Amino acid sequence: MSTIDTLKDRTTPVFSPDDVTVIFVLGGPGAGKGTQCERLVARYGFAHLSAGDLLRAEQNRPDSEFGDLIRHHIRNGLIVPMEVTIALLEAAMRQILDETSTSTDAAAQGRKKGKFLIDGFPRKLDQALKFEEAVVPARFVLFYDCPEAEMERRLLERGKTSGREDDNAESIRKRFRTFIDTSMPVVDYFEKQDRVVKVDARLKPDEVFAITQKEIEKRLHL
Ligand code: UP5
Ligand code: MG
């Protein structure tokens, strides 16, 4: 991942917000970020980049030098050093932007226009600052607000079949702690800039999506 070497010193964004629209999708573990992103992709043709999914894929890549580091952090609900995550996100964005797909379906059109949902990132303030400085500033944050008891219920239920190494009671507890201590300050940071769209994530998936659609359409003039 050559981006890692250049990221540290880079102080201007590699992508222009004129060409690339980024929405950060945040919320606690199990709040429903992935579920809602899937629907947004189907409806509006966003490209969906889940930081967690990208890290899990890198962890499982046989030649990766970061496999053990990522596994350790994910199992313990810790935040992987930002250089790794930002490099993965930037590479995935570049690949999508470079795609010369001739497909005319909505998803491909959206990807060509560079509309990205960045799911589960930034979850630490240094990541937020660096991404906006060196990759591209985000338009706003979509924040799925859900009580811990409901998130726990969902994750334990999913854990019966997901195979995710962090869907167990102990990892879930650690993920919640990190979310409160480290990730909520990111939401507060954007909130102070009036850049947070808060959605009640306790409702049924369809209801959460209806609210999400209203907010997205208003802000992006869709
Ligand atoms: N479900 C969803 N919506 C529902 C609803 N409205 N009502 C009832 N059930 C609902 O949903 C979770 C479960 O709930 C599913 O079974 C779903 O059907 C149901 P999902 O949409 O998957 O929720 P999501 O918020 O995406 O939960 P996820 O577990 O993915 O959240 P995390 O934020 O914990 O996981 P992520 O993959 O983003 O990160 C994992 C780890 O990677 C982190 O803990 C960290 O160690 C590492 N990481 C970094 O280090 N840096 C990063 O930048 C990102 C991740
Ligand atoms: Mg997810």
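Leu125, Ala128, Leu129 and Glu132 in helix α7 meet Val186, Tyr189 and Phe190 in helix α9, where contact means heavy atoms within 4.5 Å. Helices (H or I, at least four residues) and strands (E, at least two) are DSSP runs, numbered from the N terminus. This is a predicted model, in which local features need pLDDT of at least 70 and side-chain atom pairs count only at pLDDT 80 or more, whereas totals for chains, interfaces and linings use all residues. Residues are numbered from 1 along each chain as its sequence is written, chains are lettered from A and ligands numbered from 1 in the order in which they are written, and side-chain values use heavy atoms, with hydrogens and water left out.

**Packing of α7 on α9**

- Helix α7 (residues 125–134) and helix α9 (residues 169–192) pack at an angle of about 50 degrees with their axes 8 Å apart; axes are lines fitted to C-alpha atoms, for helices over the stretch in contact, and angles run from 0 to 180 degrees between N-to-C directions.
- That angle makes α7 oblique to α9, because angles under 35 degrees count as roughly parallel, over 145 as roughly antiparallel, 65 to 115 as roughly perpendicular and the rest as oblique.
- By class, the contact of α7 with α9 has six nonpolar residues, no polar ones and one charged residue; Ala, Val, Leu, Ile, Met, Phe, Trp, Tyr, Cys and Pro count as nonpolar, Asp, Glu, Lys and Arg as charged, and the others, Gly among them, as polar.

**Sheet**

- Five strands form an open sheet with parallel pairing, in the order β2-β3-β1-β4-β5, and two strands pair if DSSP finds at least two bridges between them.
- The edge strands, each of which pairs on one side only, are β2 (47–50) and β5 (196–200), and the twist averages 20 degrees from one strand to the next.
- Strand β4 (residues 140–145) runs parallel to β5 and is joined to β5 by five bridges, with Tyr144 standing opposite Val199 in β5.
- Helix α10 (residues 205–220) lies across β1, β4 and β5, and runs at about 165 degrees to β4.

**Cavity and pocket**

- On a 1 Å grid over the protein atoms alone, a cavity is a set of points where a 1.4 Å probe fits but cannot get out, and a pocket is an open set with protein on both sides within 12 Å along at least five of seven lines; lining residues have an atom within 4 Å of a point.
- A search of the whole structure finds one cavity of 30 Å³ or more, and about 60 Å³ of space lies in the largest cavity.
- The lining of the largest cavity includes Lys33, Phe121, Pro122 and Arg123, while its largest share, three residues, comes from α9.
- By class, five nonpolar, three polar and two charged residues line the largest cavity.
- The largest pocket holds about 860 Å³ of space, and of the 42 residues that line the largest pocket, the closest to its centre are Gly30, Lys33, Arg158, Arg164 and Arg175.
- A volume is the space filled by probe spheres set on the grid points, which are joined across faces, edges and corners.
- Helix α3 (51–60) gives the largest share of the pocket lining, five residues, and the whole lining has 15 nonpolar, 15 polar and 12 charged residues.

**Backbone details**

- A cis peptide bond with omega of about -5 degrees joins Phe121 and Pro122, and Pro122 is found in the loop between β3 (115–119) and α7.
- Asp194, in the loop between α9 and β5, has phi near 60 degrees, a positive value in a residue other than glycine.
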